[in-house]
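This briefing goes through one structure by topic. The sequence and the model come first, and the notes follow.

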Amino acid sequence: DVTRGALKFGGGQAPALPPLGLAISGSLPRFSLDAWNEVFPASGNNTASGILQKLANLDVKVAVVEAFKQEFTDARIETTKTTTQWKLSVSSDQVAGTVLVPQAADTAWTMDFERLHLAKSKDEGTQDSTLDPSRLPSLQVSSKSFKYGQMELGQLKLETSKRASGMHVDVLELRAPAMNVTGQGDWVNEGGQRVSRFDFEVEGEELGKALGAFGYDTNIAEGKMHIDLTAHWMGAPMDFALARLNGTLAMNIGKGRFLDIDPGAGRVFGLLSIQALPRRLSLDFSDLFKKGFAFDSIVSEFALKDGNAYTNNLLMKGPSAIISVTGRTGLAAKDYDQMVMVKPQIGASLPLAATLAGGPVAGAAVFLAQKIFQSQIDDITAYQYTIKGSWKDPDIKRVTSQASSGNP
């Protein structure tokens with residue numbers, strides 16, 4: 001029942017009493033919004049607006065603010081109040097912008113940031129049960145610069161609406177030079193647990209640059225990509241982790257090249273998993289792939305279950321070889337259990353070689369013979385491998401190397 005008051009943190013004289021409400025100023029070494037959120041019960045549209053009802057003005061500096069399991073350092077928070085809303089100006093090392101909180105219930109909060117840089121959860125893969133999506137307001141969020149951990153994700157646009165069971169994400173857009181991500185989904189209470197369900201579409205002109213934006217080292221040039229991901233996991237959207245992911249992923253990669261092929265090992269393929277699978281297989285085709293491996297396309301579908309990605313149709317086509325992959329990639333265990341078939345495209349180089357050696361007539365003769373016996377030439381040799389063990393040190397064994405007829 002306090003009608004007005006003045007409070008200053010960090011020493012010094014308290015400010016004069018405002019006509020109505022609380023005037024708060026000063027400085028604090030640390031403030032935990034998460035801890036205070038547990039003190040106040042939900043009321044009306046959201047807890048925070050109920051607290052703001054008591055404020056006349058706020059101007060505080062905080063060395064460390066804890067909110068939503070994030071830490072924001074060297075923060076300053078100021079508020080101004082109008083007849084319809086509160087305006088919070090926020091500045092810290094990680095966040096800079098404004099938050100408009102309407103006084104009317106069931107009206108969306110508007111957040112406009114110059115930067116929004118969030119740290120990756122230290123407890124990735126563990127569910128945070130403290131955040132109840134049904135208590136959160138509708139949101140309209142934009143940020144000119146959005147980062148999550150080391151991932152540079154460009155411009156952010158987020159629009160959400162309330163549901164009886166939680167939150168619906170109407171619009172999720174990330175616009176970066178390397179890629180565009182669009183999505184929608186839900187974060188809801190279900191059977192006493194929090195569940196997130198999302199559909200994502202990822203497009204980019206160069207696969208390697210997109211992988212770099214997600215924080216992966218890459219050896220891929222070009223490769224226009226289109227990826228569709230449907231996934232669900234226990235917990236909040238920020239509890240996303242490969243170890244708990246379930247759903248499906250389909251990818252289609254256009255013409256590109258793997259660059260850093262080591263002739264001694266002949267590494268020809270970096271598998272593409274959930275975030276585009278940046279792990280490499282070491283194969284022994286130094287005679288075929290001395291200056292990198294060009295590919296015309298990579299297509300596949302993955303089933304995601306209990307921290308594993310399963311495929312029976314990953315196919316990479318290139319002028320030097322066709323590579324197919326079936327089996328499991330352990331996203332949680334970070335291991336492989338796969339079968340790889342490599343079929344060199346030997347026939348493609350024969351006419352050119354014959355022309356160089358014997359002139360145009362010889363080249364034309366070989367070209368005609370190639371057209372007649374194309375399938376036999378293409379299938380002259382196939383290499384089959386098993387890949388098992390960890391991503392860092394897989395155990396790769398050749399199973400067969402034989403003509404398509406089955407003869408050595």
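**Loop residues with positive phi**

- In this predicted model, D306 is exposed, with a relative accessible area of 54%.
- That value is over the 50% above which a residue counts as exposed.
- D306 lies in the loop that runs between β22 (297-305) and β23 (308-317).
- The phi angle of D306 is positive, about 50 degrees, although D306 is not a glycine.
- Most residues other than glycine have a negative phi.
- K334 is another residue other than glycine with a positive phi, in this case near 55 degrees.
- The loop that holds K334 lies between β24 (321-330) and β25 (335-344).
- K334 has a relative accessible area of 49% and is therefore partly exposed, since exposed requires over 50%.

- With a relative accessibility of 7%, T311 counts as buried, the limit for buried being under 20%.
- The T311 side chain reaches the backbone oxygen of E301 at 3.0 Å.
- The side chains of T311 and N313 are joined by a polar contact of 3.1 Å.
- Apart from neighbours within four places in sequence, the contacts of T311 are S300, E301, F302, V325, T326 and G327.

**Aromatic pairs**

- Two aromatic pairs are found in a search of the whole structure.
- In the pair of F198 and F200, the ring centres are 5.6 Å apart and the planes stand at 10 degrees, so the pair is stacked.
- F198 also pairs with W233, again in a stacked arrangement, with 5.8 Å from centre to centre and 20 degrees between the planes.
- This second pair links distant parts of the chain, as F198 belongs to strand β14 and W233 to strand β16, 35 residues apart.
- F198 has a relative accessible area of 6% and is buried; W233 is buried as well.
- Through these ring pairs, F198, F200 and W233 are linked into a cluster.

- Strand β16 (residues 225-234) has a covered face made up of M225, I227, L229, A231 and W233.
- The uncovered face of β16 holds H226, D228, T230, H232 and M234.
- W233, on the covered face, is the β16 residue that pairs with F198 of β14.
- Strand β14 (residues 193-204) pairs with β16 in the antiparallel sense over 10 bridges.
- Within that pairing, E201 has D228 of β16 as its bridge partner.
- Strand β17 (residues 246-253) runs antiparallel to β16 and is joined to β16 by eight bridges.
- H226 stands opposite N252 of β17.

- Strands β1 (residues 4-9) and β2 (residues 21-32) run parallel and are joined by six bridges.
- L7 has I24 of β2 as its bridge partner.
- Strand β2 also runs parallel to β3 (residues 55-67), with 10 bridges between β2 and β3.
- The bridge partner of S27 in β3 is K61.

**Nonpolar core**

- The largest nonpolar core contains 72 residues, and M179, M225, I298 and L304 have the most contacts inside it.
- Strand β3 gives the largest share of this core, six residues.
- M225, one of the core residues with the most contacts, is also on the covered face of β16.

**Whole-chain figures**

- The secondary structure comes to six helices and 27 strands.
- Of the 408 residues in the protein, 41% are buried.
- Among contacts with a separation of 6 or more, 49% are between residues 24 or more positions apart.
- The accessible surface is about 21,200 Å², and carbon and sulfur atoms account for 55% of it.

Technical notes
Residues are numbered from 1 along each chain as its sequence is written. This is a predicted model: local features need pLDDT of at least 70, side-chain atom pairs count only at pLDDT 80 or more; totals for chains, interfaces and linings use all residues. Side-chain values use heavy atoms; hydrogens and water are left out. Two strands pair if DSSP finds at least two bridges between them. Helices (H or I, at least four residues) and strands (E, at least two) are DSSP runs, numbered from the N terminus. A nonpolar core is a set of buried Ala, Val, Leu, Ile, Met, Phe, Trp, Tyr and Cys residues joined through side-chain atoms within 4.5 Å. Buried means under 20% relative accessible area, exposed over 50%, partly exposed in between (1.4 Å probe, protein chains only). Contact means heavy atoms within 4.5 Å. Accessible areas come from the Shrake-Rupley method with a 1.4 Å probe; for residues, only the protein chains shown count as cover. Rings of Phe, Tyr and Trp (its six-membered ring) pair if their centres lie within 6.5 Å; planes under 30 degrees apart count as stacked, over 60 as edge-to-face and the rest as tilted. A polar contact is a pair of N or O atoms within 3.5 Å; within protein, one must be able to donate a hydrogen and the other to accept it, and residues adjacent in sequence count only if both atoms are side-chain atoms.
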